[in-house]
Amino acid sequence: MKNEVVIALVGNANVGKSVIFNQLTGMSQIIGNWPGKTVERAEGVLKFKGRTIRIVDLPGIYSLSAYSQEEIVSREFIASEKPDAVINVVDASNLERNLFLTIQLLELHIPMVLALNQVDYAYKKGIDINIEKISELLGIPVIKTVATKGKGLDELMDAVLRVIDSASYSDIKSYDIEQEKVLVYRNELNQAIKRICTILFNHDVEIIKSYYPLWTALKLIEEDADIVEKLKSNPNGPQAYREIQEVLESLKATTNDSLSTIVTSDRYKIASHIASQCTTKIHNKITLNDLIDNIALDKLWGYAFMAAVILISFYGIFKFGEFFSGILSTFFDNFKPLVYNLDIPTMYKDILWNGLIEGLISAITIALPYILPFYVFLSILENTGYLARIAFLMDKIMHKVGLHGKALIPILMGFGCNVPAVLGTKILETDKEVFVASFMSTLVPCSARIVVILGTIGVFMGPQYAIAVFALDVLVVYIAAFFADRIAPGKPYDLIMELPGYRMPALKPTLKQIWFRIKDFLYVALPIIVTGSLALEILKYMNAFKYVTYIFDPVIVKWLGLPSIAGIVLIFGLLRKELTLIMLLSLSGTTYINQILTPRQMIVFGIVTMIYIPCIATIAALNKTIGWRKTTWIVFIEIAGAVLIGGIINQLMALI
Amino acid sequence: MGSDLSYGDDNIVQLTSLNEGDEGEILWIKAGRSATQRLNEMGLVPETRIKLIRRGILRGPVEIRVRNSNLVIGEGLASKIYVRLLRNN
């Protein structure tokens, strides 16, 4: 009996897998990335009945094909790290599709327990599942769970340990498909599997030691590129594969559909059969879910509702941000005298306070009060299921720039801060979409930039001009994305998405989710902001900025029509966008911006601030998400674009 | 693919031609390899019964009911799915 065991949680997205993971592992979780991938890896430890159980939460997947990073990461984990058992978390109200994955896990012949989750919710929808029957049909233990209430988890872990302790490992080569009771496909397929297994055994290829022969045979039939390559790279692999191809040729002759389709078809037949045998429909009422969707997805009301949700949320977020920003600012200002009372030269005091400490404080007082509520907003949207509705409503518009509806979410985040927006694009499926969405996010005016526009144009020229500038920005965002889509290589995937049922989000998992995302932001942004702040302060003292004006003046003064000092201030904007306004006022020694800039200059300044180079925290996020090459392109295009557009507006306004 | 079905079978339509409430049976999918596989894996294989719940505006995505859950499919992809119309709404 092993004292330390490793188990994996596998299941579709939206089935409550993370809730189970949270309940089992508590605060012991470590969240990171799978090496070389943007997919999250979550791992934790549970001490149960004297055993140490390492639990790995694999990403939500629908299948074990090589289609997405999530699927690849999951099957690699099962093959190479060979967990002692797997908990397949299944949504009781959506049995058939969930069982499609279960069938594939059964094909892998790993010790497995099925956690039938959200049974309470299924019951309300009129679905009753016979636990004994489904366990009998699948041949594995099935435990009812209501993860959000912590029900069934003890029995679940008991079953897992039973399954691990009683696992017996027979010689792989003795595998015979005729002994399968559950996994019975159409005749032609069964015959093909048998022949392929024989070929694999005869050639004694390595691959059958990683993945179970049945699963491997089916993957070869599906012509799974990854498995085919793995086989070919085994000793004796190419010869084996040639023989296997003959089997596939005769199989293809028996059907009009592709082999991959008939395998999937047969798997679903099994899943469907099992589901219908164990499910009783108690009633067929129209659910509250459907009624809500009749409004939420309505051609008119759906959009009205969405606009309302977004506007109210934004308003709430900005009010919250403003309020807490103020409080925190005042609080930290109390520490200023402490630093300035130290007995060291003024220069060091300035560098210490303005550079190091202010840098730290600004991240807390400015970024956090806006980012935190945004993450809360995002989590609620996600966990209630409303986010998927937004994706539906916005899909067509997003499609025009090569994205689909899901991409709207990170872009909306950009209004709070570009950093989490860029980091959030990793939910998109292709590199191309990640690039386009990240690019768009950096052009979305973050709260810092909104503050600059409102504080200058909004206050001194009137709200209509501020709105005009924002409208111009939206246009720029759309046009930029349009071209980015044309230029970036790759094809977009069309939207295929399950519309989850509406749920009340559970508090603890939601809080954890928000916490881990904030940590992500802090690890990326904080070090950069502090370092940058320090660097700028030192440069200020070295009088380096004099030389800057010599270089920038032709552009800043002649083309953009701004005062010379704007050039220096825009450099500070590289650190934090709101510094452009703050430094402009502070270096000019006044609190009234209209004493420094004319209305025409305010507009040009506002446009340039909105479009030019992202702040360094965003650049760090971009680098992490899309790599330094693409990041450099974006930076270059944005600086060029800002100068170009700002200058054109300036010249145009001169003519009016 | 599906070439043995008789032409002139008026009930074979693209998924995007269905009206809200119509029910149909999947016949075949004319999309690229990975898109087809993805649709298959979400449960859309030949002989699967589906029901059209709604269309997005301006030829937007379709929402269908299949195997006890609701699926949203982008317009381009949905137009490549061919179904036999079973029941008009």
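Visitor: What makes L218(A), K219(A) and I221(A) in α9(A) partners of residues in α12(A)?

Guide: These three residues meet L259(A), V263(A) and R267(A) in α12(A), where contact means heavy atoms within 4.5 Å. By class, this contact has 4 nonpolar, no polar and 2 charged residues; Ala, Val, Leu, Ile, Met, Phe, Trp, Tyr, Cys and Pro count as nonpolar, Asp, Glu, Lys and Arg as charged, and the others, Gly among them, as polar. The model is predicted, local features needing pLDDT of at least 70 and side-chain atom pairs pLDDT 80 or more, whereas totals for chains, interfaces and linings use all residues. Side-chain values use heavy atoms, without hydrogens and water, and residues are numbered from 1 along each chain.

Visitor: Why is α9(A) called oblique to α12(A)?

Guide: The axes of α9 (residues 213–221) and α12 (residues 259–278) of chain A come within 8 Å and cross at roughly 135°. Angles under 35 degrees count as roughly parallel, over 145 as roughly antiparallel, 65 to 115 as roughly perpendicular and the rest as oblique. Therefore α9(A) is oblique to α12(A).

Visitor: How do you know that R67(B) forms a salt bridge with E96(A)?

Guide: Their closest N and O atoms are 2.6 Å apart, and the rule asks for a side-chain nitrogen of Lys or Arg within 4 Å of a carboxyl oxygen of Asp or Glu. The rule finds 3 salt bridges across the interface of chain A and chain B.

Visitor: Which element gives the largest share of the side of chain A that touches chain B?

Guide: That element is α12(A), with 6 residues. The side of chain A divides into 13 nonpolar, 11 polar and 14 charged residues.

Terms used: Chains lettered and ligands numbered in written order. Axes fitted to C-alpha atoms, helices over the stretch in contact; angles between N-to-C directions. Helix = DSSP H or I, 4+ residues; strand = E, 2+ residues; numbered from the N terminus.
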